[in-house]
Amino acid sequence: MLSLIGLIGGLFLLIVLTIRGMNLFIAAPLCALIVALTSGLPVFIGDTNFVETYMSGFSGFVANWFFMFLLGSLFGKFMEDTGAADAVAKAIIGRLGKQHAVAAVVIACAILTYGGVSVFVVAFSVYPMALSLFKDANLPRRFIPAALAFGSVTFTMTSAGSPEIQNWIPIKYLGTSPFAAWEVSLVVAIFMATLGFWWIRRMMNKALAAGERFESKDHDPKISERDYPHWVTGLIPLLVVLVLSYTFHESLQQMALIVALGGGVLTLMIINFKYFHNLTAAVGVGTTGALIAIGNTAAVVGFGTIAKSTEAFQTAVEVMTQIPGNELIGAAIAVSVIAGLTGSASGGQAIALPLVGPHYMDQGVDPEQLHRIVSISSGALDSLPHNGYVVTTIRGICHETHQRAYWAVGALTVVIPLIGLSLAIALFTFF
């Protein structure tokens, strides 16, 4: 019981401290320590102690994602420094009008995500263009993280055919394909996209009616009047990233992102080299930004590693994976709760599927239906404030605070997927 109280209390405290803006290098290990102490996990000694367990999660994430974060940050900074992001933004505003600025950001994220580019990298890549679009359209910048997240982790990440890992993990356990239950997936994706577009426009119109407008910040690029590259030169590097990622996704898997981003960075440097404002400064800022972003995320991953090692977590997994009643509802609850506790969609699937997969398939559940429910449900409660992607996007990339930006992010990445999940279950149950 004490372990369960510590687990829930530590998670709640981490969410509160994150929203209040506390430094995650302090908040995450502090909350993890509370979880460890209430679960009887030794701090310094023993085969499984707090320090080693926390740092294994922290260092493991850095080892797996460092080059992606570095190249992604450099790509975004180069798009900004060369003026390529501004050129693309001006072209979109000129052709579609300011009223479609948000749609342009969401669609750009959706295309890259469905093309196999990691959601972390998508945020780095599209942010400079999003900043320019919001500035030209005079829209409140606190909605940029919501637009980036909505286009990346909702109707694309968990949909049929998506090359993202959240759609591929179930294949290993269920023997399905990436296109499992594509008919229902298509209906749910269209529903989530439509509802999400309506909701973000409603939130922004309310903010505009209250007098909110775009606010410049000290760290925004301050570049005097200059010649901008042709807007097409801002799209070509994005297409290079997309094509290389899609081409090498199956053979190199996650490592394909290094090839894709490396190709995008080189392409951008070659075709827009003469437009660099200050290449040395761009490299320095991009590198520092990558370190801060990956550090914040790794700190939260360390908390999840401690949480998974506790007795309370193992008990919670057993309870969640044996929920009676409708099997699809049981699987959805199990994956959603575990993803919320770990702050990871892929983590929720990887922990729950070895248990719920064989259990429900033995009961005659259609593996394709189970695949789609598990995939969609993993992308809901995982986006609570302590989620690594949420922290990176809001703080590391967009330089916002959770208090200003998270509520819109939560509406689009938690509430919308939960509604979409309910729709999917209803379609599978009654049709």
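**Entry 1: helix α15**

I began with helix α15, which covers residues 345-362, has 18 residues and reaches 25 Å from its first C-alpha to its last. That is close to the 26 Å expected at 1.5 Å a residue, where the expected span is 1.5 Å times one less than the number of residues. Helices here are DSSP runs of H or I with at least four residues, strands are runs of E with at least two, and both are numbered from the N terminus.

A note on what I am looking at: this is a predicted model, in which local features need pLDDT of at least 70 and side-chain atom pairs count only at pLDDT 80 or more, while totals for chains, interfaces and linings use all residues. Residues are numbered from 1 along each chain as its sequence is written, and side-chain values use heavy atoms, with hydrogens and water left out.

Where does α15 kink? I found a kink of about 50° at L353, shortly before the proline P354. The bend at a residue is the angle between axes fitted to the seven residues ending there and the seven starting there. Just after α15, I noted that G364 takes a positive phi of about 90°.

Next I looked up burial, with buried meaning under 20% relative accessible area, exposed over 50% and partly exposed in between (1.4 Å probe, protein chains only). The buried residues of α15 include G347, G348, I351, L353, V356 and Y360. Their cover includes α8 (165-174), α12 (279-308), α13 (311-320), α14 (327-342) and α16 (367-378).

**Entry 2: helix α7**

How many residues of α7 are buried? Ten of the ten are, so α7 is largely enclosed by the rest of the structure. Among them I listed I144, P145, L148, F150 and V153. The cover over the buried residues of α7 includes α5 (101-114), α6, α9, α17 and α18.

**Entry 3: salt bridges**

I then searched the whole structure for salt bridges and got four. The rule is a side-chain nitrogen of Lys or Arg within 4 Å of a carboxyl oxygen of Asp or Glu. As background, side chains of opposite charge can pair when their charged atoms come close.

E400 forms a salt bridge with R141, and their closest N and O atoms are 3.8 Å apart. This pair links distant parts of the chain: E400 sits in the loop between α17 (388-397) and α18 (402-430), R141 in the loop between α6 (119-137) and α7 (144-153), 259 residues apart. Are these two buried or exposed? E400 counts as buried at 5% relative accessibility, and R141 counts as buried at 3%.

E400 also pairs with R404, with the closest N and O atoms 2.8 Å apart. R404 is partly exposed, at a relative accessible area of 31%. Through shared partners, salt bridges join R141, K217, E400 and R404 into one network.

I also found E212 and R142 meeting in a salt bridge, at 2.8 Å from N to O. E212 lies in the loop between α9 and α10 (232-252) and R142 in the loop between α6 and α7, so the pair ties together parts that are 70 residues apart in sequence. E212 is partly exposed at 26%, whereas R142 counts as buried at 19%.

**Entry 4: a nonpolar patch**

Which residues form a nonpolar patch on the surface? I wrote down Y114, F179, W182, L186 and I190, with about 540 Å² of accessible area together. Areas come from the Shrake-Rupley method with a 1.4 Å probe; for residues, only the protein chains shown count as cover. Patches take residues with over 30% relative accessible area and no salt bridge, joining like charges within 9 Å and nonpolar side chains (Val, Leu, Ile, Met, Phe, Trp, Tyr) within 5 Å.

Helix α9 (residues 182-209) gives the largest share of the patch, three residues. F179 lies in the loop between α8 and α9 and is exposed, with a relative accessible area of 52%.

**Entry 5: two single residues**

I looked up A28 in helix α2 (residues 24-38), and A28 counts as buried at 0% relative accessibility. Not counting residues up to four places away in sequence, A28 touches L14, Y54, A299, V300 and F303, contact being heavy atoms within 4.5 Å. The C-alpha atoms of A28 and A282 are separated by 30 Å.

My last stop was N387, in the loop between α16 and α17. N387 counts as buried at 6% relative accessibility. Leaving aside neighbours within four places in sequence, N387 is in contact with G343, S344 and D382.
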